[in-house]
Amino acid sequence: MSNDLSRAETLSLSVLSIACLAVLANTFQGNGEPLIASLGFSGIAFSFTYSLIRWLTQTFIGAGLKGRDMSKLRKPELPETMGAVCAVVYLLTLITFIPFPFYQDIVAATSGGGNRDVIVERQPSLADGRVLHRFPHSKLASYLSALLSLQSVVILGIADDLFDIRWRHKLFIPAFAAIPMLVVYFVDYGVTNVVVPVQLEPYLGTLIDLGWIYYAYMACVAIFCPNSINILAGINGIEVSQSIVIAVLLLLNDILSLYAAPASPSPHPATDPHLFSIYLLLPFIGVSTALWWHNWYPAKVFVGDTYCYFAGMVFAIVGILGHFSKTLLLTFIPQIINFLYSSPQLFRVMPCPRHRLPHFNSRTGLLEPSMTEWQHPPNRLVTGALKLLATLPVPLVAIRENDNGAITQSSNLTLLNLWLVWFGPMKEDRLAVGITGAQMAVGIMGLFVRHKLALLVFRQDNRR
């Protein structure tokens, strides 16, 4: 891949950037229009990310941040950790965007014009400064805490890419990065009640206060989202593709929720959290699309663990601070299935090699289920379970036995390998398309359940 942009790429990115800058300049003619501004910033973020990935390719290789693509015949050497470029551009975009969501509040607090009650009726002093009565400090705190959590997880992700931290150590990395977000949730919102399904109300009441358990649950969400994306990986484009699909599904959820909120003179309580989510998701889709362009089959760059941590933390933040963490999990159903399916290997019930990516058959050019070696035959319980799973009408594992009937190999327990067990050997891009399509289909089904069937279980929808 050339380090330089082609003339067509340069022209296209320049036109896109100029158009987005014009959109941003036009927003100041009205009330700031943060939603339109976010779209403009997303386009600029796409252009910067696309260009920087191209320009920094040889720099990363020269610094030793490189790896071989094991699913190709010639096993080319590609730059790694390009997700860090994506994450840095995203963070700078969010920082630059800060004035736009609060433009109206800043103007009201500094210009008078019928808004004199917004500020204290005295001249600002050197000791106290201006005191803003109605400035949404809680919204600003949520935004800044999201930035701090993202910065923390990006730093930790880069450390993982550089020093190859062991799984048992890096599993809890996102929990530390989530602390600023959880503190702001406690101070600003603090709701730990969950609504009880109608069918259980006679036994449990209408609400249950989970207290500290709810914060433990949110910490688990912050741990699960980044690591689940990192586990469902190993072929070109799959990490970025699943992340873009989840982001689009969450964006669709925000649009549906805002559309369903009733019109009233004052904003509905669900409005601000879903707008907050949109402000974070649009630039994320912008930078991720630029990375996807270079990471899709045949990949020209690798994303690294940094991108998985960064993407998962974006989703955890919008789910927790947007107050729809349960809906968030509906878009993570394939990742939840992959985690549960992988559990026997993750918890060492079965042998777990360091890399479980599908096996590349150099003779056919196709991917096949990768197999893990059993140094010693499994015990009777594990043997019986594996043979049962292998002989189901829809097999859940592939096994190989010796002449004595003892299991010597079994397929690695990942969704990618399971897909190959079901549908047979296939090209890498076809596998990525299949998994991504399943992610989209299951996510849409989850949103349908959330927005159309929720009232069958709960007495009211908190969107309304």
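Tutor: A definition to begin with: a salt bridge is a side-chain nitrogen of Lys or Arg within 4 Å of a carboxyl oxygen of Asp or Glu. This is a predicted model, where local features need pLDDT of at least 70 and side-chain atom pairs count only at pLDDT 80 or more, while totals for chains, interfaces and linings use all residues. Residues are numbered from 1 along each chain as its sequence is written, and side-chain values use heavy atoms, with hydrogens and water left out.

Student: How many salt bridges does the structure hold?

Tutor: Seven. In one of them Glu 77 pairs with Arg 68, with the closest N and O atoms 3.9 Å apart. Glu 77 also pairs with Lys 66, where the closest N and O atoms are 3.8 Å apart.

Student: Where do Lys 66 and Glu 77 sit?

Tutor: Lys 66 is in strand 1 (residues 66-68) and Glu 77 in strand 2 (residues 77-79), eleven residues apart. Strands (E, at least two residues) and helices (H or I, at least four) are DSSP runs, numbered from the N terminus. Salt bridges link Lys 66, Arg 68 and Glu 77 in a network.

Student: Switching topic: how many disulfides?

Tutor: Zero, a disulfide being a pair of cysteine sulfur atoms within 2.5 Å. For Cys 220 the nearest cysteine sulfur is that of Cys 225, 11 Å away. Cys 220 is partly exposed at 49% relative accessibility, whereas Cys 225 is buried at 0%.

Student: How many aromatic pairs?

Tutor: The count is 26. Rings of Phe, Tyr and Trp (its six-membered ring) pair if their centres lie within 6.5 Å; planes under 30 degrees apart are stacked, over 60 edge-to-face, and the rest tilted.

Student: What are the numbers for Phe 284 and Phe 310?

Tutor: That pair is tilted, at 5.5 Å centre to centre and 55 degrees between the planes. Phe 284 is in helix 13 (residues 271-295) and Phe 310 in helix 14 (residues 304-321), 26 residues apart. Phe 284 is buried at 0% relative accessible area, and Phe 310 is buried at 0% too. Both belong to a cluster linked by ring pairs, whose members include Tyr 90, Phe 224 and Phe 339.

Student: Where does helix 16 bend?

Tutor: At Leu 340, by about 30 degrees, with Pro 344 following within four residues. The bend is the angle between axes fitted to the seven residues ending there and the seven starting there. Just after helix 16, Arg 348 takes a positive phi of about 65 degrees.

Student: Which residues of helix 16 are buried?

Tutor: Among them are Pro 334, Asn 338 and Tyr 341. Their cover includes helix 11 (212-231) and strand 7 (371-373).

Student: Last one: what does Ser 38 touch?

Tutor: Taking contact as heavy atoms within 4.5 Å, and not counting residues up to four places away in sequence, Ser 38 touches Phe 97, Ile 278, Tyr 279, Leu 282 and Pro 283. Ser 38 lies in helix 2 (residues 34-55) and is buried, at 1% relative accessible area.

Definitions and conventions: Buried < 20%, exposed > 50% of the residue type's maximum accessible area, 1.4 Å probe, protein only.
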